[in-house]
Amino acid sequence: MTVRIVVLLLFICAAVAFSDSAMPRCEKISTTLCQHLGYNTTMMPNFMGHEDQRDAASGLEVYKDLLNHNCSSFLRLFVCSVFIPLCSEHVPGAIPACRGLCEEVKRDCFATLQHARVGWPAELDCSKFPEPPNLCMQQPSEDDLKDVSSEHFHSFKNASQLCSPGSILGSNRMCLKKCDNNDTYSYGDKRVYSAWSMFWTFACLIITTFTLQTFLTQPKRFRWPARPILYLSFCGFIKAVVYLIRWIVGPFICLGATVLEKPTDSLGCTSVALLIVYLDVATTLWWTIFCFVWYLSAAKEWSTEALEKISARLHAFAWALSTIPLVFILITRDIRLDELTGFCEIFSIPLTIAQLCVAGVGCCLAAFTSVALKNVRRALMYEGRSPFKLERLILRLGIISLGICVCTCFSLICNFFENFYVTLLKISLQFLGAIISSSWVFSSKTFKNWNKVLRPKSCQKILTHLPSTKV
């Protein structure tokens, strides 16, 4: 039994040693044409399928005439990167040239090739070469090429030098952006966005919290058709909480010190993106429902009890329908990283158009409701009854409906534009819509009821029995 175990262990060790020896390793460059380019080790097989440097040198003979023309400062570096590719101990595999380097050489040599009536080699098609953030050899500067024997020119002793200054090398041979990079947006832009978003976040959080708390203390005051205001405020409250969490914990698109390579690499970032889309769609639907139930109440003379009977269907319609876009987004994976906001964001043109159509229906219903209420006001005046309360309702409903309609439609239109100032406008419109809808509860009756809640009856009795003093 012991002998069998020893034999098995020896067999495993031999297999491991054989597998290690079979793995490609970095070797010193022996091809004269590709020496003194700033790196001195390569790996075979190369990107042309050559098994050793001797075969690669034979393949290079085909390009000798082109190399003699010296039509580009980067020509020798580029051709050698294909036949004698860079190898680094820090990277498990050969490192190809970047697509930008290929396109630069092709552009420089275009006139020479055209004069010689020769086309660009098909095996050097630039579309085959990777682009950052994939790890690749980027185009060096002209100053670096003046002394190709110096170590200053892409010595590649550290593989992270292959990445741009705002990136670092990841464990998967990818150049990953640093969280604090300012390539797309400047540090000042990010500071302005952070301050602007936090202002609207806290404003929305305070107002919506007051609205929800008012409903919890006085639920009988907000029956249908005013009940959708509660759900609009709820959506705004949850969204403000999400933005507050982002402000506390930092950008959701960051994993450690680097930006995510793909949004789907982080379950948290993807979940937040889906939650925000769900809230946006639900807000649009509840706005339309709000206009719909007021239209039924004003134009069709539906009572509160009749609206409450269909409330379950309206809830199912709004909350369930909001999940349908999430299914298509998960299938298409139409999620992207936004370095300015720090969120994984979803942009779908069909979804935005659908939301605009639904919001447009709501705006039309709001207009029909306004006409219907004016007809009711005219009928009251004809009967000799005072329309004062109805006029206050028309004014209140009109201001809130117009505010929500404008904020909803223009915030959706902002999705078609990618601009720093448009992003600031979009977030302010989204939170402003939630604030305007929550303002429904702001009335003298609300503050009187809160006064009763905050000041117990015993205190009120003491205050009323205190003797008044004349000065």
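For sorting the residues below, Ala, Val, Leu, Ile, Met, Phe, Trp, Tyr, Cys and Pro count as nonpolar, Asp, Glu, Lys and Arg as charged, and the others, Gly among them, as polar. This is a predicted model, where local features need pLDDT of at least 70 and side-chain atom pairs count only at pLDDT 80 or more, while totals for chains, interfaces and linings use all residues. Residues are numbered from 1 along each chain as its sequence is written, and side-chain values use heavy atoms, with hydrogens and water left out.

**View A. The largest cavity and its lining.** A cavity here is a set of points, on a 1 Å grid over the protein atoms alone, where a 1.4 Å probe fits but cannot get out; lining residues have an atom within 4 Å of a point. Points are joined across faces, edges and corners, and the volume is the space filled by probe spheres set on them. One cavity of 30 Å³ or more turns up, and the largest cavity comes to about 50 Å³. Around it sit Thr 211, Phe 215, Phe 222, Ala 226, Arg 227, Ile 229, Leu 230 and Val 441. That makes six nonpolar residues, one polar and one charged. Helices α8 (187-217) and α9 (228-249) each supply at least two of the lining residues; helices are DSSP runs (H or I, at least four residues), strands are too (E, at least two), and both are numbered from the N terminus.

**View B. Helix α4, residues 75-83.** Eight of its nine residues are buried, so α4 is largely enclosed by the rest of the structure. Buried means under 20% relative accessible area (1.4 Å probe, protein chains only). Among the buried residues are Phe 78, Cys 80 and Phe 83. They pack against α2 (53-60), α3 (64-69) and α5 (99-108), with contact meaning heavy atoms within 4.5 Å.

**View C. Trp 287 in the largest nonpolar core.** A nonpolar core is a set of buried Ala, Val, Leu, Ile, Met, Phe, Trp, Tyr and Cys residues joined through side-chain atoms within 4.5 Å. Of the 80 residues in this one, Trp 287, Phe 290 and Trp 440 touch the most other members. Helix α10 (residues 267-298) gives the most to this core, at 18 residues. Beyond neighbours within four places in sequence, Trp 287 is in contact with residues including Leu 232, Ala 359, Ile 404 and Cys 405.

**View D. Thr 369 in helix α14 (residues 349-382).** Thr 369 counts as buried because its relative accessibility is 1%. Setting aside neighbours within four places in sequence, Thr 369 is in contact with Cys 291, Trp 294, Tyr 295, Ala 298 and Leu 397.

Methods: On a 1 Å grid over the protein atoms alone, a cavity is a set of points where a 1.4 Å probe fits but cannot get out, and a pocket is an open set with protein on both sides within 12 Å along at least five of seven lines; lining residues have an atom within 4 Å of a point. Buried means under 20% relative accessible area, exposed over 50%, partly exposed in between (1.4 Å probe, protein chains only).
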